Amino acid sequence: MDRLNIIQKAVISIILSAMVFIVVVPLLFFLSTTFASDVEMSMFPKPLLPRMTVTVKVVPHDDGQYEIFYDSGDGYRSIITTKNPVKLENHFRRQYSVTIPGEKLMEDFSRARETGPAEFTYSKSLLYNFRQFFAIVTNSLPALKNSIIASLYTILISLSLGSLAGYVMARYDFRLKNIINVSLLIVRMFPVVGISIPMAILLIRFGLFDTLIGLALLYSVPNIALTAWITSSIFIGISKELEEASMVFGANRFQTFMRITLPLAFPALAASSMYAFLTAWNDTISALILTDRNQTLALVVYKAIGTTTSGIQYAAAGSVILILPALVFTFIIRKYVSQMWGNVEF
Amino acid sequence: MDIHPSHFFIPKGGIHLREPGVSNAKRIMPYLLLLPVFIYYAVFWLAPVVSGIIEVFTDSSGRFTLFDNFDLMLQSDQFRQSVLNTAAFAAISVVLQYFLALMLAVLLNRKFKGAKLLTFVAMIPMAITPTAVAILWKTGLVKEGWINTVLLFFNIVEKPIVFLNAEGFMAVLLIILIDTWTVTPSVMIILLAGLQGMQKDLKEAAYTFGAGKWRIFTDITLPILKPSIITSVLLRLIAAIQVWAIAVMVLGYGKAPFLVERIAFYVDVVPGLGTSEKIAFTLSFTTTVIVLLVTVLYLKASKYKTRVGGNR
């Protein structure tokens, strides 16, 4: 069955190529932004791939000065004229992300005195934007630590309370079960922004305002409910006979839970922990309301986007730092999550 | 990025037995076990929600009022626009994302060389954090951005377009497109899971009896996918009503006003004022009521019953 004629094959190929194009091209440009120097940011048309080197044209003047020309897409333009090595060094660092001592630059350029105007190519310092991000956003390193801790707290609270609720919902029959089920759905749907403001007042009363525990307590609100939903559907799937067999052989309920049920439910827990992690890791608005000095990395990057109109490439570098742990975490538990996704192969 | 948990709502197998004649101790056992969760939600969810509702129905001096804060909200800047935008966003984005996700899922479900790799590529946007998505599109939408680079390269436009100047419905449309780029993969993966769990013999039987491809799609594939479609549409709808972050990070406050964007505006930009706090509370109350209404209407319309927790 399912023989395709040539036209159908062509249409499918076109659709899938368009999909790949739409996903990959923006990401390549984003990567290019992450490594772009200041002059490259105003370059048009934009390069698809990040450039590793920068080429400038140097014209020596009679009074010992050097005039630097740079081509940002529409021919060489004069950028700076100087004979001060410190100025040169700063200019190359800030504009081209090239970190070479000014004396070395002067030495190179002096060769142009004999040959006339010449082009010089230097390799860019690729991590320049990342270093700049940490240098400009002074609290970014503590923020990274805060993000990790807040995420761990969120996973801990959501998983311990949520899986307990999920287990009870799956294993017991009781009168209020339906109501609790619906309440969990409502809690999950409730806009978190809505409870952030009263939550701030509450946390101040508890002395938990501007703490990571306070943040995690808010992030856990939707995630406990979500974990309960995810795990209860898995716990139902784990046969009760298996648990009963274990108890017949002398294990008590707790041992059975720890040795039989929990390992079998591991995919559900892994998936839930991923959602908990992503909530805490990516949130900006709650962190904005609930923290003052203990900011998280996502918030710091969000603020960097808002304040810097020119240096958005530094914010881009910051957001790459934000993506990496999320990718690593997702990759580690991918196996279990794909089990949850009904074994979608990828 | 909002990852969709709807696929977990597909009921897993397993039989739930009701034990006859349970003792008293056993009857209170589930409540006892749920006690920590109850306490947690009483303190960290119910208390903030109740104090939020109290804020909605009291004026700044603490006296009860039924409509004052709603009047404030109705007269607040860009309120009407934000309601219209949110409705347009939810309707258009959900339909568009579903159409694309379903098409991609059906195509990627075919067994051909490279299907796995393409599925992986299609899922990449899920892993990109919201701030990165915002920067990606912000650097694209400026006049010297990469979108104009691409458009000029393929000769689609002659002069660069200044996308960031978009206003009104065009701004909403931009946010819809960005949201679609980000969210479609997570919808697709749910549908793909549903398709891969489908039995092949059904399709083959229909094919043997002479059904065409379109007929197989509408009469077999879609009905089997229905449960996963219904739950994931619901979650998508709920998330769409609460859109805000991407609009603020790409366009800034007030360019494409949405309901939750307004809440963030009153909390983030003009905090401290008595009225702005009242408006923020009233807005989030209203948003929640809308979300609940939409959910109930949607579930009624699709005749769907929650199936998690063993009730069927």
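**Burial, shape and contacts**

Modeller: Gladly. This is a predicted model, and in chain A 40% of the 346 residues count as buried.

Colleague: What makes a residue of chain A count as buried?

Modeller: The cut-off is 20 or more other C-beta atoms within 10 Å of the residue's own.

Colleague: Which domains is chain A divided into?

Modeller: Domain 1 covers 6-34, domain 2 covers 40-125 and domain 3 covers 134-340. The C-alpha centres of domain 1 and domain 2 of chain A are 36 Å apart. Their contact takes 4 residues from domain 1 of chain A and 5 residues from domain 2 of chain A.

Colleague: What makes B:Ile175, B:Ile246 and B:Ala247 stand out in the largest nonpolar core?

Modeller: Members of a nonpolar core are buried residues of listed types, Ala and Ile among them, joined through C-beta atoms within 7 Å. Of the 133 residues in this core, B:Ile175, B:Ile246 and B:Ala247 touch the most other members. The largest share of the core, 16 residues, comes from helix H10 (residues 212-237) of chain A.

Colleague: Which residues does B:Ala247 touch, leaving aside those up to four places away in sequence?

Modeller: B:Ala247 touches B:Ile175, B:Ala256, B:Phe258 and B:Glu261. There is also a second, separate core of 20 residues, with B:Leu100, B:Met188, B:Ile189 and B:Ile190 among them.

Colleague: How do you know that chain B is in contact with chain A?

Modeller: Two residues are in contact if their C-beta atoms lie within 7 Å. By that test 85 residues of chain B are in contact with 80 residues of chain A, so the chains do touch. Helix H1 (residues 24-56) of chain B gives the most to chain B's side, with 15 residues.

Colleague: How many residues on that side of chain B are nonpolar, polar and charged?

Modeller: The side of chain B that touches chain A has 54 nonpolar, 24 polar and 7 charged residues.

How values were computed: Residues numbered from 1 in each chain as written. Chains lettered and ligands numbered in written order. Predicted model: local features only at pLDDT ≥ 70, side-chain atom pairs only at ≥ 80, totals over all residues. Buried ≥ 20, exposed ≤ 12 C-beta atoms within 10 Å, placed from the backbone. Helix = DSSP H or I, 4+ residues; strand = E, 2+ residues; numbered from the N terminus. Nonpolar A, V, L, I, M, F, W, Y, C, P; charged D, E, K, R; others polar. Domains from an automatic or database assignment.
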